Amino acid sequence: MKHFALLVAQLDSTTKTTVKLRALTDYLAIAEETDKTWCVALLMGRRPKRPVRTALMRQWAAEVAGTPLWLFEESYFVVGDLAETIALVLPPVSHSSNTTLSTYMSTLLSLSGKTEAQAEIFVKQSWSEMTQIERFVFNKLITGGFRIGVSQKLMVKALATHYGLEEADIAHKLMGQWTPQENSIHSLISEQEGAENLSRPYPFYLAYPINESVESLGNISDWQLEYKWDGIRGQLIYRKDNIYIWSRGEELVTERFPELLSLGSTLPCNCVIDGEIMAWKDGKPLPFNFLQTRIGRKNLSKQVLSTAPVVMVAYDLLEHNGRDLREEPLSARRILLESIVKETNALNLLLSERLQVESWDDATTLRAQSRKILAEGLMIKHCSSPYLVGRKRGHWWKWKVDPLSIDAVMIYAMKGHGRRANLYSDYTFAVWQGTDLVPFAKAYSGLTDKEMQEVDRFVKKNTIEKFGPVRSVTPELVFEIGFEGIAPSTRHKSGIALRFPRMLRWRKDKVAADANTLDDLRSILKGFNV
């Protein structure tokens with residue numbers, strides 16, 4: 001645990017990729033095999049479920065620190081992070097134990113079957129033998145808030161450096177269903193090529209946003225253009241009569257889309273299809289919020305299934321009859337994909353349309369019109385491109401439409417988390433309905449650090465009321481709020497829900513009376529034909 005906590009401290013103290021890579025490779029060189037496995041799993045987002053309620057953690061920490069619970073809660077409010085607050089208030093120890101990361105994790109996993117008293121003994125005992133940084137990491141692991149600024153790509157690069165293997169091979173072998181309890185990193189990455197893992201997906205290839213002129217890409221005939229749909233990117237895997245569906249977040253989501261299971265009886269061959277899972281009805285896409293009604297549900301009612309039926313819009317073919325096609329050019333993969341979709345002839349497996357354009361001017365026109373069909377813009381893929389791992393420049397580009405925007409007034413503010421724990425950085429915005437301000441969106445991104453500090457000072461000087469961590473403020477500041485989509489919502493007071501709201505700019509040139517109205521939002525909604 002000492003080595004892992006030190007690694008976390010090193011990773012958290014720098015933004016330089018080279019420094020993070022060195023820290024990771026240094027850790028892999030000295031860590032025990034089981035600790036390496038847990039380290040990779042945790043840094044790649046495979047966190048266990050929270051084994052202890054945070055309310056108990058706060059209570060136990062106050063007891064150990066000899067602090068009244070109310071004072072601990074006030075400290076928590078100021079610090080803004082529970083794991084850090086606990087690590088700060090606990091009394092120091094003279095020395096820490098040599099217990100391994102894997103030992104702690106195994107015990108943490110077993111707490112779900114233990115009594116509250118047994119969990120309390122373990123947690124307090126662990127605190128008593130840890131340094132402050134070890135406690136911080138330990139608390140993060142317990143509370144489920146363990147997130148470190150390490151990309152999966154960087155973790156793969158560190159493993160490739162340590163073991164002397166190809167990054168693409170490691171990235172692929174770390175996909176799919178595996179756990180630190182049942183697998184070791186060494187066994188996973190040294191697995192022979194023919195070893196069977198029917199459900200294993202491939203690492204996703206991601207597009208870069210194109211910021212320069214599209215004409216710089218050259219001859220448009222060298223590129224395949226498609227609509228960029230707003231759904232859930234996924235891989236549909238059909239191997240040996242079994243269907244598996246993986247999301248881009250490496251989550252097995254097969255049970256959430258039962259209507260796609262029927263494809264197992266119609267697909268002509270074993271294959272892996274990359275595409276977009278979308279809510280689709282009467283021959284056209286539905287807004288993303290229809291699909292959202294299915295996300296996170298364990299039980300899908302008949303009403304949900306009928307209201308938001310899904311399809312897979314197929315983009316690419318990664319495997320065909322057991323053969324990895326990723327090194328083949330896109331044009332060759334497309335021919336096979338078209339054949340499979342045509343032969344399958346299923347209503348819930350659609351081929352992503354290849355747009356017929358003669359010039360970049362034609363493409364610009366289609367992009368401008370894409371929002372009318374609930375697309376986010378265009379995808380531009382080179383016809384000769386292989387299917388790579390992660391986000392690579394040059395072959396695949398996404399050309400999104402400009403965001404919709406509306407001017408709104410900030411009416412509430414709440415402190416952020418992590419490095420923003422002491423700043424009011426999370427805001428609620430409202431638009432006018434007559435003489436009233438109606439809240440319609442929350443946003444926390446888009447401002448510079450300097451602007452955020454300025455807003456923080458305004459909040460502290462212009463607070464009207466306090467509601468726990470939230471403050472209502474004098475409605476004076478106006479911001480331009482950008483968003484990708486809009487849909488009706490019964491859950492929001494405004495009757496409207498936005499897709500990806502964020503602050504585009506602080507409109508210091510406007511006063512609250514200049515902000516938009518709820519009718520303005522409704523007009524935008526009508527333009528979406530929903």
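**A guided walk**

Let us begin with glutamate 120, which at 23% relative accessibility counts as partly exposed. Here buried means under 20% relative accessible area, exposed means over 50%, and partly exposed is in between, with a 1.4 Å probe and protein chains only. Keep in mind that this is a predicted model, in which local features need pLDDT of at least 70 and side-chain atom pairs count only at pLDDT 80 or more, while totals for chains, interfaces and linings use all residues. Residues are numbered from 1 along each chain as its sequence is written, and side-chain values use heavy atoms, with hydrogens and water left out.

Glutamate 120 has a partner: its salt bridge with lysine 124 brings the closest N and O atoms to 2.7 Å apart. A salt bridge is a side-chain nitrogen of Lys or Arg within 4 Å of a carboxyl oxygen of Asp or Glu. Because they are 4 residues apart in helix H8, glutamate 120 and lysine 124 are separated by about one helical turn. Helices (H or I, at least four residues) and strands (E, at least two) are DSSP runs, numbered from the N terminus.

Lysine 124 also forms a salt bridge with glutamate 63, where the closest N and O atoms are 2.8 Å apart. This pair links distant parts of the chain, with lysine 124 in helix H8 (residues 116-128) and glutamate 63 in helix H4 (residues 54-65), 61 residues apart. Lysine 124 is partly exposed at a relative accessible area of 23%, and glutamate 63 is partly exposed too, at 43%. By the rule given above, the count comes to 26 salt bridges.

Next, turn to a sheet. Two strands pair if DSSP finds at least two bridges between them. Strand E11 (residues 375-382) and strand E13 (residues 396-400) run antiparallel and are joined by 5 bridges. Lysine 381, for instance, has tryptophan 396 in E13 as its bridge partner.

Contact itself means heavy atoms within 4.5 Å. Glutamate 338 is found in helix H15, and is partly exposed with a relative accessible area of 36%.

Which residues of helix H16 (residues 360-369) are buried? They are Trp360, Ala363, Leu366 and Arg367. Seen down the axis of H16, these buried residues fall within an arc of 115°, so they line one face of the helix. The arc is that of the directions from the helix axis to the C-beta atoms. What covers the buried residues of H16 includes E3, E11 and E13, whereas Asp361 and Ala368 are exposed on the other side of H16.

Now for the aromatic rings. A pair of aromatic rings is described by the distance of the centres and the angle of the planes. Rings of Phe, Tyr and Trp (its six-membered ring) pair if their centres lie within 6.5 Å; planes under 30 degrees apart count as stacked, over 60 as edge-to-face and the rest as tilted. The structure holds 13 aromatic pairs. One of them is edge-to-face: tryptophan 229 and tryptophan 280, at 5.9 Å centre to centre with 75° between the planes. Tryptophan 229 belongs to strand E3 and tryptophan 280 to strand E6 (residues 271-281), 51 residues apart. Tryptophan 229 is buried at 9% relative accessibility, and tryptophan 280 is buried at 16%.

Tyrosine 427 and phenylalanine 479 have ring centres 6.4 Å apart and planes at 20°, so the pair is stacked. Tyrosine 427 lies in strand E15 (residues 424-433) and phenylalanine 479 in strand E19, so the pair ties together parts that are 52 residues apart in sequence. Both tyrosine 427 and phenylalanine 479 are buried. Tyr427, Phe429, Phe479 and Trp506 form one aromatic cluster.
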